[in-house]
Amino acid sequence: MAGEDTRTSKPGRKRLVLTISVLISFIIGLPICLKSTEVYRAHLPFDGIDSLAKSLKSEPVVLPCLFDIILLQLNFKSDDDSVVKQHLERIRGLISSEVQNWINKDGVDLVGCGNNYVVTVSLDSRVKCLRTGAIEGHWPCGLTDYLSSSIKDLSDDILVDELLHSYSPHDSDANGGRYTILVTGERNGDKHSHRTVIGKHRHAWIHGGFSDSVVPLIGEVVVKYFIGGGIAVSRRGQGFGTTDEKGEAMPLAADGTATLSFSLLNAEPADWIYDWDFEKLENRFLSPLVETLSPIATLAVESQVLYHTPKAAHSHWDQNSASYLFHLKDLPFFVNSNEWHLDTSVAAAGRSKILHFAIYIPSAVECPLRLKLPNGQLSPTNGFTSPGWGGIIVLNPSSCLSSIGISKPKRHTFSEEEFEPVMQVVVGQIRTLLGLPPTAPQDTSMHISTVLASETGFSKWELDVLLRRRVVADVASCSLTLSSLSRLVQSLPSMVIMDEIGDQVHLSLEAASMARSNSFVGMYFAAAEYARRARAWAEEAFFQPSIMSLLYFPTEHHFAIYTPFFVPVLLHTFLAAVKEVTRYRREQKKFLKSSSS
């Protein structure tokens with residue numbers, strides 16, 4: 001027993017060194033292994049993405065609106081300019097308060113302009129020319145003389161609109177947001193009768209002279225039409241311009257493009273065959289429309305003619321109207337997906353947006369085919385729209401019953417004159433899809449009418465409304481997409497982030513910043529272009545193929561896979577090292593004890 005507690009020779013270190021060397025090699029190799037398996041991740045500006053989201057909440061995107069109220073006559077007897085200016089300032093205060101009252105009402109779409117507006121009032125008579133509100137780019141004096149020398153009768157609305165457009169120093173196509181309301185002299189001697197006309201540019205005029213009773217009418221024109229687009233939609237946070245881009249009103253792709261796909265559907269070619277020379281129709285009707293909407297969206301046009309395309313909904317004969325009727329409840333079943341091969345466009349693939357416009361020619365056994373509205377009346381357009389999809393027009397041949405039983409079907413090619421009513425309905429459907437009324441808005445109870453933009457179907461002030469909505473929606477969508485990408489990247493540390501994604505995110509943030517800067521100074525077209533780029537770059541980064549083509553797993557998943565392989569080896573190595581260190585220390589104590597004795 002005494003020999004077991006003593007040791008005459010010094011314990012060897014070979015086993016200790018070997019065991020510890022193996023353990024150290026594992027410890028050193030572990031971070032090297034982790035570093036060698038690390039994926040490449042380009043730097044993303046997470047702070048910039050968060051800053052954009054916070055700034056949109058604290059300071060939403062708005063584009064300023066300027067309203068010039070020009071009085072051609074003023075029933076205020078005074079030769080003192082300072083007294084007249086005080087009276088004009090009082091009128092400006094009344095109009096500003098009325099505009100604010102309209103803004104505070106429920107059901108008014110204020111997206112893009114909101115409270116960022118300025119009202120100026122001017123007197124431009126033959127004897128005086130005074131202004132209130134120091135805004136650059138005032139109308140030059142002499143409008144009364146210009147109108148009186150150019151036109152004898154102010155009831156010619158089209159001519160008055162063109163004269164105001166030619167006289168305006170700032171009514172260019174480059175930017176919007178500045179509107180003029182002209183108040184002319186008394187109408188037929190009746191001071192209480194007013195007629196309001198809204199032009200196709202950025203002007204409106206009120207016949208009947210100015211009095212305090214006209215102020216509510218001016219407020220309605222300003223807010224309901226020039227700001228809201230003539231339709232009560234929703235307030236901020238409940239409709240357009242919210243950060244939830246899924247509810248966006250404009251059915252466009254992320255880069256602001258869309259394809260207008262026109263299909264001529266012959267339900268039964270055995271009865272009749274209709275065709276078109278679409279190139280001519282496009283040049284006359286669609287090219288001006290596409291050019292007009294170019295600040296809002298980049299549109300392409302395509303067409304096709306299909307045969308044997310019966311509808312899926314059923315119709316029934318109505319003796320009173322002497323026609324076959326289908327109702328609104330039948331509309332979801334009208335499109336026959338099995339027979340209508342509409343998605344044949346090259347733009348159908350990917351994230352492009354296609355708006356379908358189908359002109360349906362019914363068969364002879366259900367002709368004429370008409371749409372009955374819920375109020376019991378027949379639809380004047382005989383067509384309907386499907387939000388985000390497009391529109392359908394039922395076009396009945398001129399002679400429905402005369403072709404039954406004819407062995408050889410009649411062939412007919414639409415002329416431009418025949419197709420013009422169809423295109424008017426198509427324009428109305430496009431307006432509806434973009435969030436505007438199907439026709440130019442008007443209010444007969446308030447004697448408010450509009451000058452129709454016959455060539456394009458869209459007035460300039462309506463385009464301004466769409467631009468404001470588009471800028472707000474695009475910047476909000478950009479922020480939402482980048483925030484989603486930021487959360488995704490930070491939640492998956494093993495996700496590969498290529499330099500291309502980082503560049504796209506930086507470009508998107510820069511474009512969003514430029515869109516905000518241009519919007520605050522009223523550069524409508526520049527703000528819309530930068531907002532479109534911001535959203536497009538954000539979408540490109542989020543749907544980058546290098547992200548979509550790979551699978552990513554959380555860190556816990558990797559531990560669950562590799563632990564069964566490495567933990568047993570590491571555990572045995574660690575235990576062997578502990579045992580060897582314990583053995584060496586024990587033997588070393590024995591040697592030291594025997595040496596001292």
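1. Pro368 sits in the loop between β12 (354-361) and β13 (369-372), where strands are DSSP runs of E of at least two residues and helices are runs of H or I of at least four, both numbered from the N terminus. The peptide bond that joins Cys367 and Pro368 is cis, with omega at about 5°. The model is a predicted one, in which local features need pLDDT of at least 70 and side-chain atom pairs count only at pLDDT 80 or more, while totals for chains, interfaces and linings use all residues. Residues are numbered from 1 along each chain as its sequence is written, and side-chain values use heavy atoms, with hydrogens and water left out.

2. Asn382, in the loop between β13 and β14 (383-386), has a positive phi near 55°, and Asn382 is buried, with a relative accessible area of 6% (buried means under 20%, exposed over 50% and partly exposed in between, with a 1.4 Å probe and protein chains only). Ala322 has a positive phi of about 50° although it is not a glycine; Ala322 belongs to the loop between β10 (316-318) and β11 (323-327) and is partly exposed, at a relative accessible area of 41%.

3. Beyond residues up to four places away in sequence, the contacts of Phe458 (heavy atoms within 4.5 Å) include Leu289, Val427, Arg431 and Leu466. Arg431 also lies over the face of Phe458, at 5.4 Å from the ring centre, by the criterion that NZ of Lys or CZ of Arg is within 6 Å of the ring centre and within 35 degrees of the ring normal. Arg533 lies over the face of Tyr530, at 5.4 Å from the ring centre.

4. The structure holds 15 aromatic pairs (rings of Phe, Tyr and Trp, the last by its six-membered ring, with centres within 6.5 Å; planes under 30 degrees apart are stacked, over 60 edge-to-face and the rest tilted). Phe414 and Phe419 form a tilted pair, 5.7 Å centre to centre with 55° between the planes, and both residues are buried. One aromatic cluster is formed by Phe262, Tyr274, Trp276, Phe278, Phe357, Phe414 and Phe419.
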